[in-house]
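Subject: Model handover

Hi,

Here is the structure for your files. My notes on what turned up follow below it.

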Amino acid sequence: MGWREQSEPIGGSAEDNDDLLKALRERLRQAKGYVQSEIAGLPSQLPRQLGLAARSAVTGVTALPGMAADAAMSGYNYLTGSNEQMPTQATQNLMTQIGLPEPQGAVENVNQFLGSAIAGGKVPMPTISRPAPANFQPDLTRQQRTFDVGQREGYVVPPATIKPNIRNIALESIGGKQATEQTARATNQQVTNKLANRTLGLPETREITRDTLEQVRDEAGQVYDMVKSAGRIATDADYKTSLQNMKTGIQDIMQDFPQANIAAAKDIDDLIKSLDVPEFDANSGMEFLKQLRNEAADNLAALDDPTRKALGRAQREAAEALEEMIFRHLGNIGQGGLAQQFDNARRQIAKSYTVQAALDEGSGSVDAMKLAQILNKGKPLSPELELAARMGGSFPRAMIRPERTGSVGSNALDLAMTGAGAVSLPLVSVSPYAALGIIPAKYGARRLALSNALQRQLLGEQFTLPPQVVGGAAGAEAERQRQRSKKK
């Protein structure tokens, strides 16, 4: 019936049981040999592990004073032209000389990183013996004054850019310096686009395209049709002066090099001669003005052609001279209201061309760095565009278009730290699941660094981090600098 006979041994035949016992004895013998080899190896590995632990502890404990000492040495080297070794590097070299081992491989390096951070978090923060009064507010630097206005519009910067103190450096170290900059760029690009829309009178979230800018010009250009009937316009002394200013430099080139066309000298000279007339009709003047604006925009967009850019700047100046002449004429014939409408329209059109010059048509983003270049050339900008330009000039790394640098994501080091943390944290009585918080902690540090609360403190308001966070980040940063110096 399938049941075992009473005389058959439990578990099978006697031969089968003997084979099973032999296999078990062999397994036990192998396990015994493995355990004995591991125990025998412990004495040889123990000194190395203790040495690595000592190195990470010293690195973490000396991180804060080491940063201050490095800053002082950097100043000494700059003032004297010396190349003295940084104190933190000297400390690492000393530990190597006395026999402390250096970490090898990814696991030991990540463990060293975590150990230095833990040791740094145990160091008490220094205190100031004579702090400033509670209501003391220092004078803002020029960079801070720019950010004072920019921050109200929503611009953000990595905090160490303005105040490179230990706290801000430590916070950026936790979040990752490059990742913090990338996060700031994404936020700042939205603000720049918002300001460009606002200066053109468009909804702040509207996508900017060349067609959008053409529509702005068409709407503003309706006033131009009324100006075309303003009759004959006699050019005045101010108009002649504008043309004479355009000739400056061109005449010097043509006098010494009559056959040269350096930087479109002949084309610019021909343009000036075409404008040098005693009078012109308002209708033809408006048509010429429109043509000059369009050609100037196309030539200024030729980034790799200095000749076209020089001609484009001359065409833009010529258009401005014509506009000023027409504006004065309208005032002279008693058309003050129309003159004001014309002035508003031409400013609107000029702003549209400025935005177009800074527009990346592929992404629809207005480049604050290009606006900064326009401002540096002395061209007047609207308040909104000038703010974006000054932010671009003062904080270039935070104002690069994000399309050029990519988005923020977890990298291999983040994942390696998570894996190594899961292995190492139990050694200091911390749950291995805490390692899962490393990547979220880095994300949170970036958000904190760019938060309104911390950004406001860059202008004088106080915002503090727990000393354990500052010390831990300082220890981690010291170990990161050590690893970086070993790669050089």
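**Helix 5**

Helix 5 (residues 142-153) has 12 residues and spans 18 Å from its first C-alpha to its last, close to the 16 Å expected at 1.5 Å a residue. That expected span is 1.5 Å times one less than the number of residues. Helices here are DSSP runs (H or I, at least four residues), numbered from the N terminus.

A word on provenance. This is a predicted model: local features need pLDDT of at least 70, side-chain atom pairs count only at pLDDT 80 or more, and totals for chains, interfaces and linings use all residues. Residues are numbered from 1 along each chain as its sequence is written, and side-chain values use heavy atoms, with hydrogens and water left out.

Back to helix 5. Its buried residues (under 20% relative accessible area, 1.4 Å probe, protein chains only) are Gln144, Thr146, Phe147, Gly150 and Gln151. Seen down the axis of helix 5, they fall within an arc of 150°, so they line one face. The arc is taken over the directions from the helix axis to the C-beta atoms. Arg142 and Arg152, on the other side, are exposed (over 50%). The buried residues pack against helix 6 (159-162), helix 18 (383-394) and helix 22 (452-457). Just after helix 5, Gly154 takes a positive phi of about 115°.

**Cores**

A nonpolar core is a set of buried Ala, Val, Leu, Ile, Met, Phe, Trp, Tyr and Cys residues joined through side-chain atoms within 4.5 Å. The largest one has 35 residues, and Val227, Ile326, Leu330 and Phe342 have the most contacts inside it. Elements giving it two or more residues include helix 10 (222-227), helix 13 (265-275) and helix 16 (336-358). Helix 15 gives the most, with 9 residues.

Ile326 is in contact (heavy atoms within 4.5 Å) with Val227, Ile233, Phe280, Met286 and Phe342, leaving aside neighbours within four places in sequence. A second, separate core of 34 residues includes Tyr155, Val157, Val216 and Val355.

**Helix 13**

Ala265, Ile268, Asp269, Leu271, Ile272 and Leu275 are the buried residues of helix 13. Down the axis of helix 13, they fall within an arc of 160°, so they too line one face.

**Gln189**

Gln189 lies in helix 8 (residues 177-199). At 7% relative accessibility, Gln189 counts as buried. Gln189 touches Ser365, Val366, Arg401 and Pro402, not counting residues up to four places away in sequence.

Best regards
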